[in-house]
Amino acid sequence: ATPLAMAVATGKAARAGIFIKEESALQILNDVDAVVVDKTGTLTEGMLSLVDAVGDDEAIALAAALEASSTHPIAEALVRDRGACPAPGATPPSVSDVDTVQGQGIIGRVDGRRVVVGRPDWVQREHTTLAGNATADEPFASFAEDGYTPVAVAVDGELKAGLAFGDRIRPSSSEIIQQLMESGTEVYLCSGDHPQTVQAVARTLGIPADRATGHVSPEEKRRHVDELRRDGHTVMMIGDGVNDAGALQAADVGVAVEGGSTASLVAADIFLTRDGLDPVADLFDGATSVMRVIR
Ligand code: ADP
Ligand code: MG
């Protein structure tokens with residue numbers, strides 16, 4: 001490819017909402033035969049809202065105070081929907097020792113209490129002292145079955161509340177997924193969310209159940225991409241989060257969606273500057289003509 005031809009191609013792409021950071025990615029687009037896609041913020045809008053809350057109100061307030069130090073979509077939703085606006089002159093809660101655990105949740109001290117907010121299985125297994133080894137499935141399993149993201153709140157080692165967050169599937173997701181699958185591309189949905197929430201989204205989009213996996217950590221997302229590549233696939237990863245950065249980097253073509261985290265933009269070869277997944281379709285449609293221009 002001549003520099004001029006490449007410039008023409010990338011200029012065309014830019015007008016279609018596609019920013020090509022790594023030009024070599026363009027040349028393998030036509031070979032992509034497996035696409036791994038993140039759920040929250042990628043297939044969905046990532047604008048969560050709190051749709052249900054059960055348990056102790058004080059614990060939920062402590063959770064909201066702790067989440068004020070996180071930029072995770074769950075944190076933003078909780079702060080917006082339950083964050084306290086302290087009365088004039090009142091002392092805001094003191095938050096310290098905050099530790100964010102990628103793909104799991106957040107830990108910290110709020111007004112001297114130890115507060116943990118995150119994946120229900122992780123919160124219960126690692127941050128509560130349980131009678132026996134039992135972890136409560138309810139209300140989390142019901143939230144997840146309804147397609148909501150379940151989150152647990154523990155205070156001082158005790159499970160105190162269950163939260164359900166809703167998110168909308170982007171209108172453009174269904175079309176691109178259908179298009180990819182019809183063209184024979186294997187589509188995998190990988191998410192840190194509850195497995196049943198992930199299945200609900202997969203069902204809506206027509207992704208086979210055995211290709212949709214939940215409770216996937218950031219390292220496992222990366223490993224999944226590595227394994228597909230080892231099996232001979234040319235892999236595209238599409239994601240938005242800090243938790244997707246490793247997988248975006250490992251993929252043959254990493255695509256970060258519009259509004260994604262800085263880490264995802266840095267790790268990706270291509271990023272979208274137009275909302276939604278429509279530009280991905282343009283990217284594949286355009287790959288053939290782009291290559292014609294380049295060669
Ligand atoms: P995804 O792969 O769907 O983009 P993440 O890896 O960011 O999701 O998060 C996976 C899960 O970890 C969430 O569904 C949630 O249960 C938990 N989690 C992560 N960060 C937070 C946080 N700041 N507050 C509450 N829960 C969190
Ligand atoms: Mg995401």
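Which residues come nearest to ligand 1? The points below start with that shell and then move to the domains and the sheet.

1. Thr40, His72, Gly103, Arg119 and Gly192 come nearest, out of 23 residues around ligand 1. A residue is near a molecule if its C-beta atom, placed from the backbone, lies within 6 Å of it.

2. This is a predicted model, in which local features need pLDDT of at least 70 and side-chain atom pairs count only at pLDDT 80 or more, while totals for chains, interfaces and linings use all residues. Residues are numbered from 1 along each chain as its sequence is written, and chains are lettered from A and ligands numbered from 1 in the order in which they are written.

3. The elements giving two or more residues to the shell around ligand 1 are α2, α4 (73–82), β5 (105–110), β6 (113–118) and β7 (149–155). With three residues, α2 gives the most to this shell. Helices (H or I, at least four residues) and strands (E, at least two) are DSSP runs, numbered from the N terminus.

4. By type, the shell around ligand 1 divides into five nonpolar, 13 polar and five charged residues. Here Ala, Val, Leu, Ile, Met, Phe, Trp, Tyr, Cys and Pro count as nonpolar, Asp, Glu, Lys and Arg as charged, and the others, Gly among them, as polar.

5. The chain is assigned domain 1 (3–45 + 168–294) and domain 2 (49–166); the bounds come from an automatic or database domain assignment. Taken over C-alpha atoms, the centres of the two domains are 30 Å apart. Each domain supplies at least three residues to the shell around ligand 1.

6. Between the domains, 13 residues of domain 1 are in contact with 11 residues of domain 2 (C-beta atoms, placed from the backbone, within 7 Å). On the domain 1 side, α2 (39–43) and α8 (195–205) are the elements that give two or more residues. The largest share, four residues, comes from α8. That side divides into four nonpolar, eight polar and one charged residue.

7. An open sheet of seven strands runs β1-β13-β12-β11-β2-β9-β10, with mixed pairing; two strands pair if DSSP finds at least two bridges between them. β1 (18–20) and β10 (212–213) stand at the edges with a single partner strand each, so one side of each has no neighbour in the sheet.

8. Within this sheet, β11 (residues 235–239) and β12 (residues 253–256) pair in the parallel sense over four bridges. The bridge partner of Ile238 in β12 is Val255.

9. Helix α9 (residues 218–230) lies across β2 (34–38), β9 (186–190) and β11, at about 160° to β11. Axes are lines fitted to C-alpha atoms, for helices over the stretch in contact, and angles run from 0 to 180 degrees between N-to-C directions.

Key. Two residues are in contact if their C-beta atoms, placed from the backbone, lie within 7 Å.
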